[in-house]
Amino acid sequence: MQIHKPVAILSGHVGSISSLALCGEFLLSASQSHDIIVWQHPDLRRFATFGHGHGSVKSLLALSNHVFTAHQDGHIRVWKLSRRSENLFRLLSTLPTTKDYLGNFLKQSNYVQTRRHHKKLWIQHADTISCLAVHNGVIYSGSWDKSIKVWRLSDFKCLESIKAHEDAINAVVAHKGLVYSASADGKIKIWRKDEKKSLHCLKGVLERNKDVSWNSVIVCEDGRRRFVYGGGSDGSVVGWEEGEQQQQKEGWNLVCDINKAHEMAVLCLCSVGEMVCSGSADKSVGLWRREWGGGLVKVGVIRGHEGPVKCLQASRLGFGGSGGGGFMVYSGGLDKSLRVWWVSMESSEVKKDNDKKKDLRSLSY
């Protein structure tokens, strides 16, 4: 059953698309060629471009009238949306800030060894920043240097550096007091801030196979139930549910283990409502319906990209500014194209009803 249709193919990037973000009426796309393009709803016309000459962009994060960009050069750049200026997005700051740097560089104890015969300040990332998340007044940045750094939003001061993983961090998400980091070391770790120590402490580790690199992680909620899904390098999508004992590792229960969700590595995940979307190196986007117990049922596959699907976003904003029984999926690929799709929730519901009828018929026998 066809439950999706193409809406647009947006071109303009010179390099592979690395990240997408929704910012009010705008869709932002970043690429390896150092540029960020702003597309405006509802006609998805090219509205502006910014970020030239500031290094390859690995991750985008939109918050109110600010945009945070994570770069291959190990810096975070903060941009402010200003409609009064010809430059729609104006560079506001670069993290670490000069003030933060000057307050730390004189003390030898503020330096940490990053590799042999090489040291950096603890407030600096020693490698590419791959991901960003925001929660409760702070920004979390995950890096290939295996660390997570915590930045205060009010003044962009670095508050903490967490030695989080044994290999590169590929994704980080923050939700209701917990921070989830996905790494190439085969682990998804869960962190919570200890208010007494003002430091983040490890509260759980989710893992399935040590040979799997986790490329993405998302959190979904259904009432009081919380689910975490990870996308793996082996093409798998795995989900866990938070149990009653969330303070312990054993408080997370495996609810979903799709070994071959894709033929190749899952590179990105996103969710909207009860739907989960997965982008893969096999050039496709998987559409999944989340069941009550946390399991995922495939309801469709989107094909059209000529290269791996690197990033995804989804929104109920549809034609004419309304969701209207479906949602939009935005997919960015290493083929340098940004594609927009309309996914019908009604078709998904029809399939859901048919599945229920099949279950009832099987019970009657």
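Tutor: Let us begin with a pocket. This is a predicted model, and the lining of its largest pocket comprises 26 nonpolar, 11 polar and 2 charged residues.

Student: How many residues line the largest pocket, and which lie nearest its centre?

Tutor: The general idea is that rolling a probe the size of a water molecule over the atoms shows where empty space is left. Here, 39 residues line the largest pocket, and Leu 132, Val 172, Leu 269, Leu 312 and Gln 313 lie nearest its centre. The volume of this pocket is about 1200 Å³.

Student: Which strands each supply at least two residues of that lining?

Tutor: They are β2, β6 (57-63), β12 (129-135), β16 (169-175), β20 (214-222), β24 (266-272) and β28 (309-315).

Student: What is the volume of the second largest pocket, and how is its lining divided by class?

Tutor: The second largest pocket holds about 460 Å³ of space. Its lining divides into 6 nonpolar, 7 polar and 6 charged residues. There are 19 lining residues, with Val 112, Gln 113, Asp 145, Ser 147 and Lys 163 nearest the centre.

Student: Which strand gives the most to the lining of the second largest pocket?

Tutor: That strand is β10, with 4 residues. At least two residues each come from β10 (111-115), β14 (147-152) and β15 (158-163).

Student: Let us turn to sheets. In what order do the strands of the open sheet stand, and is the pairing parallel or antiparallel?

Tutor: As a general idea, strands of a sheet pair through backbone hydrogen bonds, either parallel or antiparallel. In this model, 4 strands form an open sheet in the order β2-β3-β4-β5, with antiparallel pairing. At its edges stand β2 (17-23) and β5 (45-50); each has a single partner strand, so one side of each is left without a neighbour in the sheet. On average, neighbouring strands of this sheet are turned by 25° against each other, direction ignored.

Student: How many bridges join β2 to β3, and which residue in β3 stands opposite Leu 22?

Tutor: The antiparallel strands β2 and β3 (residues 26-31) are joined by 6 bridges. The residue opposite Leu 22 is Leu 27 in β3.

Student: Finally, is Ile 3 buried or exposed?

Tutor: A residue counts as buried when its relative accessible area is under 20%. Ile 3 has a relative accessible area of 4%, so Ile 3 is buried. Ile 3 belongs to the segment before β1 (4-10).

Student: How far apart are the C-alpha atoms of Ile 3 and Gly 326?

Tutor: They are separated by 9.4 Å, although the two residues are 323 residues apart along the chain.

Conventions: Residues numbered from 1 in each chain as written. Predicted model: local features only at pLDDT ≥ 70, side-chain atom pairs only at ≥ 80, totals over all residues. Heavy atoms only, no water. Pairing = 2+ DSSP bridges. Axes fitted to C-alpha atoms, helices over the stretch in contact; angles between N-to-C directions. Buried < 20%, exposed > 50% of the residue type's maximum accessible area, 1.4 Å probe, protein only. 1 Å grid on protein atoms, 1.4 Å probe; cavity = no way out; pocket = protein on both sides within 12 Å on 5 of 7 lines; lining within 4 Å. Points joined across faces, edges and corners; volume = space filled by probe spheres on them. Nonpolar A, V, L, I, M, F, W, Y, C, P; charged D, E, K, R; others polar.
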